[in-house]
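This report describes how the parts of one protein chain are arranged and how they meet. The sequence and structure come first.

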Amino acid sequence: MNASTLPDCTSQHSLDHNVAPERIESLRKQLNFHREQLDRYPLDCIDQGFMAAAQALLDFMHAYEDEAAYAEFEKCSDFTSYYEFFSPRVLRFAWAMEDRTFDEMMSKKLAADQKLGDILGPHSWDAYSRMADVLNLVEFSSSCRYVIAGCGKLPASLFYLHDWTAADCLVGIDNDVKAVESARKIVAHFGLNRIQIDHADGIDFDYSSFDIIYWGPFANPRLKVMERILSTAKRDSIIILRDPFHTGTLANKGVLAELDPRFEICKVSDAHPGRFMLKHYILRLN
Ligand SMILES: C[S@@+](CC[C@H](N)C(=O)[O-])C[C@H]1O[C@@H](n2cnc3c(N)ncnc32)[C@H](O)[C@@H]1O
């Protein structure tokens, strides 16, 4: 691509003159490589080749260090086309990981001295272990009521809270019937009485009875979920927002920049555990 055919990065936003265009072009080339690799697989394919290509993209997102060039790239007119390409594929990758873990776990039993994390296996380990970061930031009492919007078919984050907190009301909602069926099946398989799975949509769910609400990146449309939390959650409730930063915006839409001022950001995680370049922000609803 020569200079005259480069996507316009300056029409709506001011250019950071410290970032040489070559740095953005080098990033674009690397992303094009990952795009080509992933484009070899049809949209419903989750075979080994696809999974390896998706993992390679995620590895690149973690390793890419030029934050200034990425920030400039985000302003370019073609950024949206990269997000629209990568986002559904990363979601497909996440679902495939849940499917694999579901099958593995359903064939296992939990010994009396074991935690769910002991038998989880590598595919969903990040979805589980990322919650250690949350427990560093938020206190869970035994009486607190917790809900996650978009728990998925393998509610690994709820497993973590079941393993490591005494909270007696851990609710996962999902708007996908199949996800709800699978999540209920695995919760029943292990007899997890403190976890409840409901079929509900995060955009019209009533959050008013919950003390802690997990607002993850996969519950969409994200801003509609925000509106619903705002209109139904009780004041003083704690909202755990998980939002992309740096290259994470290739896979998930960020809402931090559009956060309603009624949310007060109380704490920000230093870490970004997991595969997807996402961070936890602890919000209080005032
Ligand atoms: C990648 S999966 C599971 C997330 C993952 N297990 C985690 O720990 O965050 C995302 C799930 O969110 C669900 N989802 C997406 N939008 C939703 C919404 N508006 N309300 C409820 N569930 C939603 C999808 O059906 C899917 O099962």
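## Domain interface and sheet

Between domain 1 and domain 2 the rule finds one salt bridge across the interface. The model is a predicted one. A salt bridge joins the side chains of Asp99 and Lys153, with 3.2 Å from N to O. On the side of domain 1 that touches domain 2, the elements giving two or more residues are α2 (48-63), α3 (67-74) and α4 (79-106). Helix α4 supplies the largest share of that side, 16 residues.

The domain assignment places domain 1 at 3-102 and domain 2 at 116-285. Their contact involves 27 residues from domain 1 and 24 residues from domain 2. Further values for the pair are tabulated here.

| Quantity, domain 1 and domain 2 | Value |
|---|---|
| Separation of centres, over C-alpha atoms | 25 Å |
| Area buried between them | about 2,300 Å² |
| Part of that area from carbon and sulfur atoms | 67% |
| Residue pairs in polar contact (both at pLDDT 80 or more) | 10 residue pairs |

The model also contains an open sheet of seven strands with mixed pairing, in the order β3-β2-β1-β4-β5-β7-β6. Its edge strands, β3 (195-199) and β6 (263-268), each pair on one side only. From one strand to the next, the twist averages 25 degrees.

Strands of a sheet pair through backbone hydrogen bonds, in either a parallel or an antiparallel sense. Strands β1 (residues 145-149) and β4 (residues 212-215) pair in the parallel sense, over four bridges. Ile148 stands opposite Tyr214 in β4. Helix α8 (residues 177-189) lies across β2 (169-174) and β3, and runs at about 160 degrees to β3.

Technical notes:
Residues are numbered from 1 along each chain as its sequence is written. This is a predicted model: local features need pLDDT of at least 70, side-chain atom pairs count only at pLDDT 80 or more; totals for chains, interfaces and linings use all residues. Side-chain values use heavy atoms; hydrogens and water are left out. Two strands pair if DSSP finds at least two bridges between them. Axes are lines fitted to C-alpha atoms, for helices over the stretch in contact, and angles run from 0 to 180 degrees between N-to-C directions. Contact means heavy atoms within 4.5 Å. Domain bounds come from an automatic or database domain assignment. Buried area is the accessible area (1.4 Å probe) that two parts lose on being put together, summed over both. A salt bridge is a side-chain nitrogen of Lys or Arg within 4 Å of a carboxyl oxygen of Asp or Glu. A polar contact is a pair of N or O atoms within 3.5 Å; within protein, one must be able to donate a hydrogen and the other to accept it, and residues adjacent in sequence count only if both atoms are side-chain atoms.
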